[in-house]
Amino acid sequence: MSLTLTAPYAEAPAPAPVLAPRERETLRHIAAGRTYLQTARHMGLSKHTVDAYLRRIRAKLNINSTAELTRLAISLGL
């Protein structure tokens, strides 16, 4: 009888959070260098809603800076 040691079961990585269409659009505007107010006007929203979308994106993707948001937008082809 032989005993074989194996690594514990490794869980599959969690799927990446999906951004809502308006979150993606907001991210695209901010990555293009627009201000919250410019983005809000273009999208027909308040600047508070734009801020809420960006906070939601940051929370979903664990991002802390605008530079990281911009890098994400580039990697997504926005």
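**Exercise 1.** Describe the contact between the side chains of R56 and E23, and state where the two residues lie.

Solution. The side chains of R56 and E23 form a salt bridge with an N to O distance of 3.5 Å, where the term stands for a side-chain nitrogen of Lys or Arg within 4 Å of a carboxyl oxygen of Asp or Glu. This pair links distant parts of the chain, since R56 belongs to helix α3 (residues 47-61) and E23 to helix α1, 33 residues apart; helices are DSSP runs of H or I with at least four residues, numbered from the N terminus. E23 is buried, at a relative accessible area of 1%, whereas R56 is partly exposed at 41% (buried is under 20%, exposed over 50%, partly exposed in between, with a 1.4 Å probe and protein chains only).

The model is predicted, so local features need pLDDT of at least 70 and side-chain atom pairs pLDDT 80 or more, while totals for chains, interfaces and linings use all residues. Residues are numbered from 1 along each chain as its sequence is written, and side-chain values use heavy atoms, without hydrogens and water.

**Exercise 2.** Which helix holds both R55 and D51, and how many residues apart are they?

Solution. The side chains of R55 and D51 meet in a salt bridge of 2.9 Å, N to O. Both residues lie in helix α3, 4 residues apart, which is about one turn of the helix. Beyond this pair, salt bridges with shared partners join E23, R56 and K60 into one network.
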